[in-house]
Amino acid sequence: MSAKRARVKTAGGAPAAAASDSWKLTLPCTRAEAEAIEVDMDALSHLDPTPVLLTRETTLDDNEDWRLDAYFAAKPDKATIAAVRGLVPSAGKAKAALEKVVADDWVTLSQAGLEPVRAGRFFVHTSAYQGGVPAGARAFRIEASRAFGTGHHQTTTGCLMMLDAMKRAGTRVDNLIDIGTGTGLLAFAGLHLWPRAYATATDIDPVSIDVTEENAVINGVGIGQRQGRVAVAVADGTDNALVQRRAPYDLIIANILAGPLIDLAPDIAAIGLPGTQIVLAGLLNIQADAVARAYRRQHCRVASRIVLGDWTILRLRVRG
């Protein structure tokens, strides 16, 4: 199923303003450019306020026919338009469409472009979705807001599919960690699959931890350090007292980017044990082998992989 993709960005982590006039800038782009925007959340961080970004297909299943909509609180100047254009080089000299949008909520506008995602037993949607939940599915409401990981990007979808496949294969998990948790979704999914496990969710961005705690309340997930709850912490990789104290883990999830995953390979392997399973995502297909090599040097072997479009999700096991 092809899903529309969107990303909301706001200045300083504050929610986008509601019920006020805004401006929409539209440019053509490709699917690859749209997905790169979703991964690189800092591309327009120098703008104040940061615009709300929404990418979506224009023609179904056409990788070259996508579009980028950027919503602004005030009319963007030429420099701002140029900064947005820099995100989508394929637009070339295409004319940027600029229009005033009257009294609309930015978040609602962005969420209107997000279709629910079904990944294994998981069903991920925003509050804009008014339909039913498929029978047997565990639904999570994750708003498109201030952190990466709504389930609509193929890296997050693939992680959900991988976790579901592990559970179906009979994997037992007693202690899991989600490094770079974003919205908390993958930690929540892991705890749903293994409800008696200890779970930890960390992110280098304090805003992501705030979002994770908010999403936990929305989705009925307990926050705390006991079994069946998610302990949260701001952490740079594994460099955190809580992360080290709760190690070793038998499931490590890291949906970030290929470069940081390679750099973190020794640290991630060090918080596991022989037999620990590691799910890695955020890497393009052309980056998967380099990431796998970095982890083989840490005595981890690739056990399985999922390929979704241009993205690869790896499952590794720490060797004895």
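Trainee: Lys-24 first. Buried or exposed?

Mentor: Lys-24 is buried, with a relative accessible area of 13%. Buried means under 20% relative accessible area, exposed over 50%, and partly exposed in between, using a 1.4 Å probe and protein chains only.

Trainee: What should I know about the model itself?

Mentor: This is a predicted model: local features need pLDDT of at least 70, side-chain atom pairs count only at pLDDT 80 or more, and totals for chains, interfaces and linings use all residues. Residues are numbered from 1 along each chain as its sequence is written, and side-chain values use heavy atoms, with hydrogens and water left out.

Trainee: Back to Lys-24. Which strand is it in?

Mentor: Strand β2, residues 20-29. Helices (H or I, at least four residues) and strands (E, at least two) are DSSP runs, numbered from the N terminus.

Trainee: And what is Lys-24 in contact with?

Mentor: Leaving out neighbours within four places in sequence, the list includes Arg-67, Asp-69, Tyr-71 and Glu-99. Contact means heavy atoms within 4.5 Å.

Trainee: Zoom out. How many helices and strands in the protein chain?

Mentor: 9 helices and 15 strands. Of the 320 residues, 54% are buried. Take the contacts with a separation of 6 or more: 70% of them are between residues 24 or more positions apart.

Trainee: How do β9 and β10 run?

Mentor: Parallel, with 5 bridges joining β9 (residues 175-179) to β10 (residues 198-203).

Trainee: Now the core. How many residues has the largest nonpolar one?

Mentor: 35 residues; Leu-160, Leu-163, Val-230, Leu-251 and Val-279 have the most contacts inside it. Helix α5 (residues 185-193) gives the largest share, 7 residues. A nonpolar core is a set of buried Ala, Val, Leu, Ile, Met, Phe, Trp, Tyr and Cys residues joined through side-chain atoms within 4.5 Å.

Trainee: What does a second core include?

Mentor: That separate core has 26 residues, including Ile-177, Ala-254, Val-291 and Cys-300.

Trainee: Cys-300, buried or exposed?

Mentor: Buried, at 1% relative accessible area. Cys-29 is buried too, at 1% relative accessibility.

Trainee: How many disulfides?

Mentor: The count is 0 disulfides, where a disulfide is a pair of cysteine sulfur atoms within 2.5 Å.

Trainee: Backbone next. Where's the cis peptide bond?

Mentor: One joins Ala-247 and Pro-248, with omega about 0°. Pro-248 sits in the loop between α7 (241-246) and β12.

Trainee: And His-299, what's its phi?

Mentor: Positive, about 70°, although His-299 is not a glycine. His-299 lies in the loop between α9 (288-296) and β14. At 54% relative accessibility, His-299 is exposed.

Definitions and conventions. Two strands pair if DSSP finds at least two bridges between them.
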